[in-house]
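Hello,

Here is the structure we talked about handing over. Please open it first, then read the notes below.

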Amino acid sequence: MIETNLKRNLAIAFLLAMAALASCTKDKGAVVTPQTTVHPTTAASNAYVTTLFDFNPAPGQFINTTLADTAAAKATLKTDQGLVSLGAWGGYIVVGFDHTVMDVDGKKDFVVYGNAFALFAEPGVIWVMQDTNGNGKPDDTWYEIKGSAYYKEGYTRNYSVTYTRPACDTCSVPWKDNKGNTGVIQTNIYNVHPYFPLGIKGNTATYTGSLLPSSNINMDDPSYITSASFDYGYGDNTAGGDQIDIASAIDANGNAVSLKGIDFIKVQTGILANMGWLGEQSTEFTGAADISLLKP
Ligand SMILES: [Ca+2]
Ligand SMILES: [Ca+2]
Ligand SMILES: [Ca+2]
């Protein structure tokens, strides 16, 4: 009996030691804390993003229309009421705040607005950047916000898709990904115009980022196609906007990154899927705000 207890105690001690070792190994190097320049909040700071740095939509049914031009992209500044379509998977917008949005411990820090409604989400991956070198430009490091789809089957980092200029202006746009898959962004009768962005001069355009699973799309009833939202962490995902915690940022290796605050955000269409007569999944962006500066 004594021997059995001793063995059991030894076994428990061994397990505890292993657990301690495992957590040590996990913690070691798991949290990256880059140095940064903070642009302080002042009485004049705008709660909303104020500068458009880049707008690079992927092919899609609203591309080359007023829903996806530079004017539409600029209309998302200083408001939550703009509207710009990012096109199919990989299309993105980069905007910046006029101050650093600080990471408030234990709280959501900024909100990304889209036009999602119940059972119709078009989730976009959110990336954040702090102005590490202090030059006011998004030329530093992007960190992905780790949302709830991170653990789901079909979520793929370092994903890339190359779209090819179609044979005719209104022909479907062929794509090929870096996993050997091919497909088309299917044109439809409602949008008779070129889907391939007119701004792209070459015959191909390649986008890179993270792919979100299409598993929330339900096309069983063609007259009622639904696309349920993910639990948290994406743009154009939840009616009324998606609140994001800067503390959920991860680096290229998937390690947590401790950012004092962020200056720039990128929202990028996350799902590559055709939804029948509704066309392709394409994230919409309508604005973004620093929660700490929003009037309650
Ligand atoms: Ca926070
Ligand atoms: Ca910079
Ligand atoms: Ca949408």
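This is a predicted model: local features need pLDDT of at least 70, side-chain atom pairs count only at pLDDT 80 or more; totals for chains, interfaces and linings use all residues.

**What turned up**

Start with one pair of residues: Pro174 has Val184, in S9, as its bridge partner.

Strand S8 (residues 173-177) and S9 are antiparallel, with four bridges between them. Both sit in an open sheet of four strands, ordered S9-S8-S7-S10. The pairing in that sheet is antiparallel. Its edges are strand S9 (182-185) and strand S10 (204-211), and each of these pairs on one side only. From one strand to the next, the twist averages 30°.

Now go to Thr286. Look in the loop between strand S17 (284-285) and strand S18 (287-290). Is Thr286 buried or exposed? Thr286 is buried, because 20 other C-beta atoms lie within 10 Å and the cut-off for buried is 20 or more.

Which residues touch Thr286, leaving aside neighbours within four places in sequence? Among them are Thr76, Asp80, Gln81, Gly82 and Leu83. Tyr113, Gly114 and Asn115 are in contact with Thr286 too. Val84 is 202 residues away along the chain, yet its C-alpha atom is 6.4 Å from that of Thr286.

S18 comes next. Side chains in a regular strand alternate between the two faces of the sheet. Both faces of S18 are covered. Gly287 and Ala289 are buried on one side, Ala288 and Asp290 on the other. S18 runs antiparallel to strand S4 (residues 110-113), joined by four bridges. In that pairing, Ala288 of S18 stands opposite Val112.

Best wishes

Definitions and conventions:
Residues are numbered from 1 along each chain as its sequence is written. Chains are lettered from A and ligands numbered from 1 in the order in which they are written. Two strands pair if DSSP finds at least two bridges between them. Helices (H or I, at least four residues) and strands (E, at least two) are DSSP runs, numbered from the N terminus. Axes are lines fitted to C-alpha atoms, for helices over the stretch in contact, and angles run from 0 to 180 degrees between N-to-C directions. A residue is buried if 20 or more other C-beta atoms lie within 10 Å of its own, exposed if 12 or fewer, and partly exposed in between; C-beta atoms are placed from the backbone. Two residues are in contact if their C-beta atoms, placed from the backbone, lie within 7 Å.
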